[in-house]
Structure formats: C-alpha cells, structure tokens
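User: I've just opened this one and I'd like to learn how to read it. Could you walk me through a few features?

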Amino acid sequence: MTDFSSMWAELAPIGRAGDGGYHRLAWTDADRAARQWFREQARRLGMALDEDPNGNQWAWWGSPSPGAVVTGSHLDSVPGGGAFDGPLGVVSAFLAVDRLRPRRPVAVVNFADEEGGRFGVATLGSRLLTGSIGAGRAAALTDAAGVTLAEAWRANGLDPGRAGADPSRLGRVGVFVELHVEQGRRLVDAGVPVGVATAVWPHGRWRLDFTGRGDHAGTTRLADRSDPVLPLAHTVLAARQAAEDAGAVATVGRLAVRPGAVNAIASRATAWLDARGPEEAAVRGVVEAVTKSAEAAAAHHAVGVAVAEESWSAGATFGADLRRRVATAVAARLGSVTELPTGAGHDAAVLAGAGVPAAMLFVRNPTGTSHDPAESASVEDCLAGVDALTAVLEDLAS
Ligand code: HGY
Ligand code: MN
Ligand code: MN
C-alpha cells in the first residue's frame with residue numbers, strides 16, 4: 001500500500017520555486033509535469049486513465065459507469081501558491097482508493113485549471129465539463145502574453161473543437177467528495193483536524209481598465225495630466241471601504257501599468273478586483289460601489305474607465321443530507337468533526353451548482369494562510385484527512 005509521505009515527496013518538488021512558492025499555472029511545463037505525476041499514480045494503482053477534451057484527468061478504479069463515487073481536486077496553483085491547495089485533495093484521493101480497493105467503481109479526478117491563474121477564469125475544467133462556461137468563450141481567453149487557451153490546449157495535445165459540456169462524463173459522477181486544505185483558521189480555533197464544508201461563498205473577478213494619456217514625467221504640468229494610475233489608486237481604497245460596509249471581502253492583488261516606465265506617465269492602468277461574500281447581493285453591492293467610485297475618480301482625472309466581469313462563481317450550499325452523512329462517517333472514524341463555510345472557490349461548488357451531490361472535507365492548516373508558501377498542514381492532520389476521506393468513500397461506495 002502506498003504511504004502519504006512517499007506519494008507527497010514525489011509531487012512536492014514539481015513547480016516549486018526557491019522561495020517555496022508553487023508556479024503550476026495551467027498548461028505550463030510545471031502543470032504538465034504534475035499531470036504526468038497523476039498518470040503515474042493511476043498506473044501504479046492499476047487505475048484506468050481517462051483524459052477528457054476539457055483537460056480533466058480521471059483515474060478509474062473499476063470501469064467508468066454512471067452514478068459512481070468520484071473524489072479528487074486540482075493540481076494547478078496560483079502564482080506563488082502553497083503546496084497543499086489542490087494537491088492534498090488529489091493525493092488523499094489516490095491513497096483512500098488504494099486503502100479501500102472498493103467493489104464499486106470509484107474515480108479520482110484532477111480538474112484542469114481550477115485557479116484561473118493564467119487565463120483569469122476560475123474552475124475552468126469543471127465549468128467546461130458542466131457546461132457552465134461555453135467552449136468558445138474559454139478557448140478565446142488569453143494569458144498575460146496574449147496566448148489563447150486554444151493555443152495552450154493545442155500545445156498540450158487537446159483539440160479546442162472537442163472542448164465543452166460533457167454530459168456523459170458528468171453523468172458518471174453520482175456523488176463528488178473533495179478534500180482540501182483549509183484556507184483559514186476555523187479548524188485551528190476549533191482544535192479539530194478535519195472539518196466538513198457547509199457552503200462556498202459566491203465570488204467573482206472584475207477587470208478595471210483606466211485609459212489616460214501617456215506623457216513625460218518631468219515636462220508635463222500636473223494640471224495637464226490624464227494619469228490613469230490616480231483613479232486606480234483611489235478605486236483600490238474604495239474597494240476596501242465598500243467591502244467593509246457590505247460585510248464582504250474585496251482584494252486587488254494584480255495590477256498592470258503601461259508602459260511601466262519610471263519616468264513616463266502611464267497611458268493605461270489595469271486592476272483586477274476579487275470580491276466575495278456570504279450572499280451574492282453583498283458582492284454585487286461591492287462591485288456596484290467600486291464601479292461608481294472608479295467612474296467618478298476617472299472623470300475627475302480626465303481618464304476613461306471600463307469595468308468588465310471576468311469570472312463569476314455562484315458558490316454553493318452543500319446538501320444537508322449528504323453533509324450529515326459525510327460528517328457522521330468522519331466523526332465515527334476520527335471521533336470529532338466540525339462544519340464550516342469557506343470563502344474559497346472549489347470545483348465541488350461547480351458540480352453542486354450543476355446538480356451533482358457534492359461535499360467537501362477540510363484539513364487543518366496551522367497558519368490558516370493560503371495562496372502563499374506559508375500554507376501548511378501537518379503530516380498527522382494530512383493522515384487524519386486520508387482516514388476521513390477513506391471512511392466517507394467506504395460509506396458512499398458501499
Ligand atoms: O480563488 C479561489 O478561491 C480558489 O482558490 N480558486
Ligand atoms: Mn486556490
Ligand atoms: Mn484549491
């Protein structure tokens with residue numbers, strides 16, 4: 001039987017930079033290496049590999065059939081991400097199946113491009129599978145260098161013409177259980193190693209393009225400037241205030257300024273807004289307030305502004321019956337369990353949104369930090385997570 005530490009030790013170096021941050025952006029060399037690792041695990045465990053036209057990888061124990069139990073997560077990362085976000089769910093899934101060797105078919109899935117770190121739309125593999133994003137829109141997405149997703153797919157042997165909703169594969173998913181490192185401190189504060197998700201918050205991403213007039217930093221009078229960085233700066237602060245007012249969260253973690261010369265006034269400045277909250281209305285309210293601030297500030301500085309929604313995730317409330325069944329199985333195995341919502345997006349929420357019974361397990365993260373190299377989980381808690389997932393799969397696949 002494969003043990004956690006050796007499987008983890010094989011995956012851990014893939015895409016890790018010197019500072020410990022992970023750079024497994026979709027369809028890059030690091031992602032390709034992680035996908036090759038997935039194939040090797042499937043082969044090692046005698047599982048049949050199926051790679052679908054949307055780039056999702058499925059390892060089947062038993063023959064693919066409708067209504068099967070499916071578990072897994074993703075292997076791609078945000079730029080500079082942590083080690084556990086995604087991979088912990090995939091490794092735990094392989095180990096749980098290896099322990100169980102169930103009589104009924106069970107699949108382990110690696111959903112492609114969950115983070116949207118390169119092409120900007122989150123949970124792309126599961127959205128394409130469920131049809132919640134059209135293949136045409138996805139294929140036309142571009143990365144910072146202007147490479148389209150269609151080009152990246154082709155470079156990885158995928159035919160963009162075959163991407164899109166896949167009802168027959170989706171029909172194989174009778175129930176989906178995703179294990180994930182917690183991205184927060186609730187389990188630490190509760191003093192338990194494993195939790196069960198109640199809900200994923202609605203969240204989205206918006207692009208704000210401010211267009212001004214490039215000019216010389218030294219010879220242009222202040223009164224003559226149309227500097228797009230000024231309304232951008234105002235808008236970043238307005239986003240924070242709007243989130244506080246709405247009981248939501250808003251983040252601007254990515255900026256782009258053109259031409260980006262120290263001694264030139266920018267001609268264009270772009271900010272990407274990530275806004276989330278317990279209710280969709282709160283999130284929409286934040287975006288409305290931010291848009292108003294951006295438009296007013298842009299007008300004040302004689303700058304143009306365009307606000308575009310790039311990605312919207314409706315979030316999900318996980319079904320109470322399945323949640324209770326999962327929590328019972330976990331408590332029976334570990335002696336304790338707690339339930340918690342999350343502000344992080346997950347493929348499980350996309351499947352739940354498509355009507356597939358779905359559940360999530362979280363593993364305690366002592367730092368509570370994620371999307372950063374400081375993300376962590378002890379081996380002991382990871383093993384508790386594998387135990388919990390094994391118990392849940394045993395119950396569901398029995
Ligand atoms: O952005 C998220 O919440 C997830 O990590 N994709
Ligand atoms: Mn993530
Ligand atoms: Mn994740």
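User: Let's begin with Thr142. Which residues does Thr142 touch, leaving out those up to four places away in sequence?

Analyst: Keep in mind that this is a predicted model. Contact here means heavy atoms within 4.5 Å. On that basis, Thr142 touches Arg118, Phe119, Val147 and Thr148.

User: And where does Thr142 sit in the chain?

Analyst: Look for the helices on either side. Thr142 is in the loop between α5 (135-140) and α6 (149-155).

User: Is Thr142 buried, exposed or partly exposed?

Analyst: For that you need two cut-offs: buried is under 20% relative accessible area, and exposed is over 50%. Thr142 has 42% relative accessibility, so it counts as partly exposed.

User: How far is the manganese ion (ligand 2) from the manganese ion (ligand 3), and which residue coordinates both?

Analyst: The two ions are 3.5 Å apart, and Asp85 coordinates both. Asp85 and His371 bring distant parts of the chain together, being 286 residues apart. You'll find Asp85 in the loop between β3 (68-73) and α3 (87-100), and His371 in the loop between β15 (358-363) and α13 (379-396).

User: How do Asp85 and His371 come out on accessibility?

Analyst: Use the cut-offs from before. Asp85 has a relative accessible area of 5%, so it is buried. His371 has 38% relative accessibility, so it counts as partly exposed.

User: Last one: which residues are around ligand 1?

Analyst: Start with the shell, then look at individual atom pairs. Around ligand 1 you'll find Glu114, Glu115, Arg276, Ala344, Gly345 and His371. By class, that shell has three charged, two polar and one nonpolar residue.

User: What about the atom pairs?

Analyst: A side-chain N or O atom of Glu114 is 3.0 Å from a nitrogen atom of ligand 1. Arg276 has a polar side-chain atom 2.7 Å from an oxygen atom of ligand 1. With Gly345 it's a polar backbone atom, 2.7 Å from an oxygen atom of ligand 1. On its own, ligand 1 has 210 Å² of accessible area, and the protein covers 97% of that.

Definitions and conventions. Residues are numbered from 1 along each chain as its sequence is written. Chains are lettered from A and ligands numbered from 1 in the order in which they are written. This is a predicted model: local features need pLDDT of at least 70, side-chain atom pairs count only at pLDDT 80 or more; totals for chains, interfaces and linings use all residues. Side-chain values use heavy atoms; hydrogens and water are left out. A residue is near a molecule or strand if one of its heavy atoms lies within 4 Å of it. A polar contact is a pair of N or O atoms within 3.5 Å; within protein, one must be able to donate a hydrogen and the other to accept it, and residues adjacent in sequence count only if both atoms are side-chain atoms. Accessible areas come from the Shrake-Rupley method with a 1.4 Å probe; for residues, only the protein chains shown count as cover. Ala, Val, Leu, Ile, Met, Phe, Trp, Tyr, Cys and Pro count as nonpolar, Asp, Glu, Lys and Arg as charged, and the others, Gly among them, as polar. Helices (H or I, at least four residues) and strands (E, at least two) are DSSP runs, numbered from the N terminus. Buried means under 20% relative accessible area, exposed over 50%, partly exposed in between (1.4 Å probe, protein chains only). Donors are N, O and S atoms within 2.8 Å of the metal (3.2 Å for Na, K and Ca); water is not among the atoms, so sites may look incomplete.
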